[in-house]
Every structure is written in C-alpha cells, then in structure tokens.
Amino acid sequence: MFAQNFEKMTGNRTFTMIKPDAVENGYIGAILEKITGAGFKIVAMKYTQLSKRDAEEFYAIHKERPFFGELVEFMTRGPIVAAILEKDNAVEDFRALIGATNPEEAAEGTIRKLYASNIAENAVHGSDSDDNAAIEGAFHFSGREVF
Ligand code: GDP
Ligand code: MG
C-alpha cells in the first residue's frame, strides 16, 4: 500500500514547501488558497521545521553553489509547510503557478510575484521533475501520510 502511494506520484503529483519567509509574513492561508484555487488537491501536508542536516540533504544538488550556506540558513530558520499536490501535469503546472525563481522576473499573479521577498527568500518551493517530486515527497512523508 505504501509503495503504491508513492508510485501514484509519477506524472500527476508534485511536492511543495511554503518557505520560512512566507510563513513569517503570514501568507500560509493565501498561498494554500492560490494552490487549491488552481486545481491542485492536497494529498499530504505538514507544518514542520527542517534541521540543518535535512536542508543540506534536500538541497544537496546546490551544494557547490555560492549561496548554499545562505540557503540552508534560510530554510532552517523557522517552520515551513510541506505538501504533496495532485493534478494532471502537476510538476509543470505548479512551476507555472509559482513563477520564476527571482520574483522580479516572475509573471503577474504568480505566487512568487505576489508573496516572495527576493531571489533567496522566494516564498515557495516546487519540484522541477517527476523524479524529484517523488524523491522530495518521500523525503518528507511516509506512505501512511499520503492520501
Ligand atoms: P527554484 O527551482 O526556482 O527554487 O530555484 P533553484 O533550484 O535555482 O534554487 C533553489 C533555491 O535556492 C531558490 O528557490 C532560492 O530559495 C535559492 N536561491 C536561488 N538562487 C539564489 C541566489 O542567488 N542567492 C541565494 N541566497 N539563494 C538563491
Ligand atoms: Mg530548483
């Protein structure tokens, strides 16, 4: 049953985090409303905080980037909302909904345009591929937490 839940992630599921800046700024409700209003169904969700080790593992792909230390510091400084979302074409559609990494370049109406502070503190995470969606979802949730 647990394996089945993760298999179902491929193609129609993505993983998101409402990052510490957006939580601090009081945007959890507004962001969840944008997400569900765009047709995403929440199939797993938790309010949690990343440890340094969690953040270093989650963002391991960026470990050679000059901003890695800052990124880990930022992502661990307060609570986040982690969620798995379901919708046809979830990964691509969610990346469109959140907008460009840098909110100054994000399209009008996108979550980052509306709620991000800057390129570092940009309100939300969205998986960039089906494979990463499955890996990132499994990083945060056990099978029995996914509905
Ligand atoms: P994303 O896929 O749009 O989230 O962007 P990336 O995968 O390129 O980067 C991952 C995360 O690292 C971003 O969402 C930002 O939180 C952070 N980040 C990206 N570029 C920078 C930067 O130039 N400086 C800092 N401090 N953080 C950055
Ligand atoms: Mg990325």
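**Notebook: His125 and its surroundings**

I looked up His125 and found 20 C-beta neighbours inside 10 Å, so His125 counts as buried. The cut-off for buried is 20 or more. I note that this is a predicted model.

I then looked for the place of His125 in the fold. His125 lies in strand β4, which covers residues 124-126. Leaving aside neighbours within four places in sequence, I found His125 in contact with Thr16, Met17 and Lys19. The UniProt record, an unreviewed entry, puts the feature "active site" at His125.

Next I turned to the ligand. I listed the residues that surround ligand 1: His62, Phe67, Glu70, Leu71, Thr101, Ile119, Ala120, Asn122, His125 and Asp128. I sorted this shell into four nonpolar, four polar and two charged residues.

The unreviewed UniProt entry gives "domain: Nucleoside diphosphate kinase-like" for residues 11-147. For this span I noted 41% helix and 18% strand, with the end C-alpha atoms 16 Å apart.

Last, I looked at backbone angles. Ala123 is not a glycine, yet it has a positive phi of about 75°. I found Ala123 in the loop between α7 (111-115) and β4. Ala123 counts as buried because it has 26 C-beta neighbours inside 10 Å.

Asn89 is not a glycine either, and its phi is positive at about 55°. I placed Asn89 in the loop between β3 (80-86) and α6 (90-98). Is Asn89 buried or exposed? I counted 11 other C-beta atoms within 10 Å, so Asn89 is exposed.

Key:
Residues numbered from 1 in each chain as written. Chains lettered and ligands numbered in written order. Predicted model: local features only at pLDDT ≥ 70, side-chain atom pairs only at ≥ 80, totals over all residues. Near = placed C-beta within 6 Å. Nonpolar A, V, L, I, M, F, W, Y, C, P; charged D, E, K, R; others polar. UniProt positions renumbered as here; feature names shortened; annotations may be inferred. Helix = DSSP H or I, 4+ residues; strand = E, 2+ residues; numbered from the N terminus. Buried ≥ 20, exposed ≤ 12 C-beta atoms within 10 Å, placed from the backbone. Contact = placed C-beta atoms within 7 Å.
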